[in-house]
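User: Could you walk me through how to read a ligand site?
Analyst: Gladly; let's look at one together.

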Amino acid sequence: MNTTRTVAIVGAGYAGVLAANRLQASLTETERLRMSIVMVNPRAVFIDRIRLHQLAAGTTDAATIPLDHVLHPDVTVIVGEVTRILPERNGIVIDAAKGPIELPYDVLIYAVGSGAPPSIPGGASSHSVGTHDEALMAGAAVRRLVPGNRIVVVGGGATGVEMASELAEENPQMDIALVSAGPLLSSLPQRGRKYVKSTLAFLNVQVVENERVVHVDMNFVELEGGRRIRSDLTIWAGSFTVPALARASALAVDAAGRLNIGFVGHHLWCG
Ligand SMILES: Cc1cc2nc3c(=O)[nH]c(=O)nc-3n(C[C@H](O)[C@H](O)[C@H](O)COP(=O)(O)OP(=O)(O)OC[C@H]3O[C@@H](n4cnc5c(N)ncnc54)[C@H](O)[C@@H]3O)c2cc1C
């Protein structure tokens, strides 16, 4: 009789890799014989998401690390996308290179992170730094611009501020604007916000606060009140949507599609 217990981890981002490594490293010799930790991720690389704005700005040329460089060697990797969770039979369906497979699990760790930007009218004309592929495309678009062109970064949180400042440092010949739906870095204390704003001013980044972008066009972004700001390239660095996996699996989710924490039981952990 096979008594091996399987911990399946969906998503090899920061949360998934840390969970896998810590769990694997915590096992005793006997437990190692009885427990298998399986990581499922669409690619055999770890995406260093906190470097994606640098990839787009051109201040780094790589933001991926082979998974076997960051994962405990005893963790098994399956390259594929989990398309459905079947909690009623403790299984996940994986769209792998050789076709769909079903992996039974005893414990499932859900660590899928976030990714694409939300849909706003005309949003297809903008770029994003939410995923590796998008950041690469944003970087290619930045490099097609000519001096004097304007890049509008949408999003007044840490990612937007980092994106705008990195672009301004690397491309002083460009005109950079940062548009924030609310106050810039609203979670920071006043002193910190003042410091960030003075740094952005030093870098010649034009900051537009308390203005929501409602439409993105090839040549402008439109704000809620109808005002337009010229934009030769728009980069989305606002909030990102969450993967549809939990919703597609008919699990309880919140309005944004995040797995409802109330669902977390002894079979499912949330990353
Ligand atoms: C440009 C940028 C800069 C940032 N800078 C910072 C920073 O300086 N400091 C900070 O704390 N945070 C920063 N963040 C936020 C940080 O990147 C996220 O908080 C972090 O990535 C979340 O980690 P995670 O493991 O939950 O998800 P992720 O890192 O997004 O990893 C999720 C993994 O799950 C995989 N996955 C998704 N769906 C499936 C599926 N169905 N099947 C299999 N695998 C799946 C994905 O491919 C991915 O590998 C930044 C984000 C961005 C975009």
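**Reading the ligand shell**

Analyst: Each of domain 1 (5–113 + 242–270) and domain 2 (123–236) gives at least three residues to the shell around the ligand; the domain bounds come from an automatic or database domain assignment. This is a predicted model, where local features need pLDDT of at least 70, side-chain atom pairs count only at pLDDT 80 or more, and totals for chains, interfaces and linings use all residues. Residues are numbered from 1 along each chain as its sequence is written, and side-chain values use heavy atoms, with hydrogens and water left out.

User: How many residues surround the ligand, and which are the closest?
Analyst: A residue is near a molecule if one of its heavy atoms lies within 4 Å of it. Here 25 residues surround the ligand, and Tyr14, Ala15, Asn41, Arg49 and Val82 are the closest.

User: Which polar side-chain atom lies 2.8 Å from an oxygen atom of the ligand?
Analyst: A polar contact is a pair of N or O atoms within 3.5 Å. In this model, a polar side-chain atom of Asn41 is 2.8 Å from a ligand oxygen atom. Arg49 also places a polar side-chain atom 3.0 Å from an oxygen atom of the ligand, while Tyr14 uses a backbone N or O atom, at 3.0 Å from a ligand oxygen.

User: How much of the ligand does the protein bury?
Analyst: Accessible areas come from the Shrake-Rupley method with a 1.4 Å probe. Taken alone, the ligand exposes 990 Å², and the protein buries 73% of that.

Note on methods: Polar contact = N/O pair within 3.5 Å; in protein donor to acceptor, adjacent residues only side chain to side chain.
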